[in-house]
Amino acid sequence: MKRIYLLIIMLIGFGILLARVDLNSAGLDELRRLPITEQQARDIYEYRLYVSFFRNIFELRQIPSIDHETLLRLKPLVVVSLYRETDEVSERREEIRDFLERLDSNEGASEGMADVWEDYLMTPQNVNRMHFDDLISLPNVSPVDAVAVLQRVARGDTLSDMRDLRGTAGISYYGYSNLRNYVYYKEPPVRNRLFFDAQLQYFTRYLEESAQDMYLEPFLRNTYQTSLVTPHRKDLAYWGYFNLMELDPSIFYKLRLRYGNNFKAGIMHLTPQGETGIQDKSSQELWADSKYYAGYENTDLFQDVRDFAPDWLENTQIKFYLGHYRATFGEGLVMENTDFYSPRKTGYGFSKRILGITPDLSRTQQYSLRGAALELKNPWFGAAFFISRDQKDAIVYIDANGEPVQVNGKNKVLSYVIPTVRFDNDTLREAEAYFNTELAAGVPYAIPHINLAPRQDFVDEKLWGTHLQFSPVIGTKLGFTTYTALYDNAHFMMPDWSTLRTHIIRDSYYYPKFKLVDNEISSLYSTLTDRYERDFRRVMGFDGHTVIGNVSVQGEYAELTADGRDFTFGDDPKAYLVSAYSQFENLYFLALYRHYDLEFDNPYSNAFAENERFNDTIFEKNVYTLSNVLMADIYNNSSQAQPEKGIYFETRYRFNNYFTVGRSYLDIWERMSDNRRSARFQSELEFRPLFQLALRLRFKNQVNRYDDYADRGVSKTNEYTLSTRTFLSNRDFLEFEYRYNTVYGPPYTSLTNPGQPGNNSHAAAMTLMNGDYIAVNYTHVFGPTLKLQGSFVYWYGHNISHWDWEDMEIDFMGEKGLKSWVSLQSRISENMYLSIKYRNKTYQTKELFIRKYNEPITTDNYFARVERSENTIRLALDYRF
């Protein structure tokens, strides 16, 4: 009998425990059933969601709305269970990694945006207080989605949870599923919290093929073959002189601090390959080469005086930053400062621009802005003001002693440049003197010495700019943007097309290599011409955006001040872009037209284009002809859009649960430098018979000079890809991919080997090249804190260049080879993340036959394939709390 009573007592006690509400697992509805107010229930829920789990019941007093009497009333009704605390910041960090991988796989990686999106994930924004620009700056949130949210809030229908967000009329499921990760619905009860993030990345890497070719080009005297100099001297090229065959690591340090959502600070230092390490720099050099910022943000500046402030000041935001920052407005025609070019950057999907002023700890160096920036905006008006002073790298005219050439008391500069390896100026002068000695030993060339060379931190640039914006109705805005860059110590001087070759080509024998397309170089901006002399560059423009129903229309017009007047539009080099985007539940359609004048040279522009500036010019195709091969970096690291005009269409349509036409596009454009017309088409079809299985077929076609198939500029490329993807349990993933490429080359009117006079009168037939690519990609998740990724790739190029999206970067492969890589990502402690990646790439170089035009070759003219093996490692540590 006693046992029965004991059992009954235990069951009653257990029932009482079950009846209590667990503060660490209860949903919002359960908390509402307690004898507390609606606001108190939300405060408890959001404290657990955004601040911390409860260790004991007395931590309820950390919430301002929970007083002592409420605590005593709740004490017998609630329980605090055992828990393993998972930091919200850490979970959100994992979310953004997935986003960035998807961003890379869609060819829309935007350098420097990760930090901003990561902040939004860690500390979401109140969706009821966000502006139009805030919403459309988030990945995969369209302007149509943004207007749907804003119109609901404007009607007084406040969003209270995710269900409300999904039920908003006009928002797509795609927009909702992405937006929900970045927002919450009420102000958090506890705002102040210190966020700390320290990152270290160690990366051994090899130079890309284009950079290797550039540094391997030798400085040879005109009589090299008949001289007593030992053939194949490696020290006659930058490659051997600087021992670039040695694998130097790239080391990246970054520290970011945030207190709540208001105060932010950070510092970053990058030591790229081939540059002086942090341990060998003085404190002054270290500070000069680092990036840093300190700033303040407030999403409701007049919140405390809301009852007294006029209505037009409601929901006013402010941003103020000192140090390095990023400024982006409109379509990126006037201002979007970055060192990195991204093709077909539409501003939609993951190909986004974060509008306004944001802090900058990205790897951008050349076009970074360092100074002060202020941004004020509310739903009706916006204004941004920014100033910067920084030293920029440039290609400089130099004399035989390596000293800068001056004109009118200022240094003579050809162009800005982003060097692949930033050699210091003294080291470069020594190398140039060494190479000049070799050049002087033979018969003088047309340019007898190195006359153009990169110089580090050479141009002293002072920049100031303004952006003004007016939004009369929700989803509609008009903006004006301008900046002026002042050059106190330098004159940009670019010769005209007819004389430029005599400045950049060493040997007059190669003057025929200078083509019409090279007027893309000669059209660069000059501050000193025979028509004017000035010490500045000024760009200004207008942008607009409106949403009507499910259609969004936006565009921008910009002009570079040259011969015309500042505020008289149409009389100077111009660029403009307009696009229209239509959205349905399972379909979107984008149409975009752009026109960029040849003379529109804006280094702070990063607009939509198929190719970067200087593509196909002598800086890419005929590097060996240059008086200094380092000028090729003007193309290798170009961040500007190529001058072109054309129309672009893009769509995606999900038929049903089985068939989806993936991102498909057609681009038809004309290059302004030589009027070459090209077309590029890509489409893919995915069949998903099961949720875990996807079959994907992709086709890509590009034709250059499609209007004249007999022209030497013609090329036709086809790419066929078939892949099978399996989505396994526990987020495991396995993919098999096969790709087949064909390239049709134009007929050559003079191509016989060996070249013989009188034997070149017949054109060779159109050539066909093909290549194969096979890949296996895999992901295995061992558990919540450990993930393994990797890939095996085999390719045979047959003179075709293959590419591969590898982890979070793109890799271009050589003639034939095998590549494998493996990456291990681990959360080794509560706040410490480790990522380590190893890659082996073994490939063959091209087989080369050397010939002269209509002249027999008496020396060796055959170079066999060489097998190369590259082993690289990337180690990243990230500590946060």
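Mentor: Let's start with a word we'll need a lot: a residue is buried at under 20% relative accessible area, exposed at over 50%, and partly exposed in between, using a 1.4 Å probe and protein chains only. Before we apply it, note that this is a predicted model, where local features need pLDDT of at least 70 and side-chain atom pairs count only at pLDDT 80 or more, while totals for chains, interfaces and linings use all residues. Residues are numbered from 1 along each chain as its sequence is written, and side-chain values use heavy atoms, with hydrogens and water left out.

Trainee: Which residues of α14 are buried?

Mentor: Asn425, Leu428, Ala431, Glu432, Phe435, Asn436, Glu438 and Leu439.

Trainee: Why can we say that the buried residues of α14 line one face of the helix?

Mentor: Look down the helix axis: the buried residues of α14 fall within an arc of 155 degrees, so they line one face. That arc is taken from the directions that run from the helix axis to the C-beta atoms. An α-helix has 3.6 residues a turn, so residues three or four places apart point the same way. On the other side of α14, Glu430, Thr437 and Ala440 are exposed.

Trainee: What do the buried residues of α14 pack against?

Mentor: Against α12 (238-241) and β15 (452-470). A contact here means heavy atoms within 4.5 Å.

Trainee: How do you know that the span of α14 is close to the expected one?

Mentor: The expected span is 1.5 Å times one less than the number of residues. α14 covers residues 425-440, which is 16 residues, and it reaches 22 Å from first C-alpha to last, close to the 22 Å expected. At its start, a side-chain oxygen of Asp424 comes to within 3.2 Å of the backbone nitrogen of Asp426.

Trainee: Why is the pairing of the Ser791 and Asn777 side chains called a polar contact?

Mentor: A polar contact is a pair of N or O atoms within 3.5 Å; within protein, one must be able to donate a hydrogen and the other to accept it, and residues adjacent in sequence count only if both atoms are side-chain atoms. The Ser791 and Asn777 side chains make theirs at 2.7 Å, so the distance passes.

Trainee: And what makes Ser523 buried, out in its loop between α16 (519-522) and β18 (536-548)?

Mentor: Ser523 has a relative accessible area of 9%, so it counts as buried. A 3.1 Å polar contact joins its side chain to that of Arg613, and the backbone oxygen of Leu598 lies 3.1 Å from a polar atom of the Ser523 side chain.

Trainee: Is Pro512 buried or exposed?

Mentor: Exposed: at 56%, Pro512 is over the exposed cut-off. It has its place in the loop between α15 (497-504) and α16.

Trainee: Last one: what makes a set of residues a nonpolar core?

Mentor: They must be buried Ala, Val, Leu, Ile, Met, Phe, Trp, Tyr or Cys residues joined through side-chain atoms within 4.5 Å. The largest such core has 96 residues, and Tyr215, Tyr238, Ile504 and Phe619 touch the most other members. Its largest share, six residues, comes from strand β12 (residues 381-397). Apart from it lies another core, of 29 residues, including Trp117 and Tyr182. Across the chain, buried residues make up 53% of the 881.

Technical notes:
Helix = DSSP H or I, 4+ residues; strand = E, 2+ residues; numbered from the N terminus.
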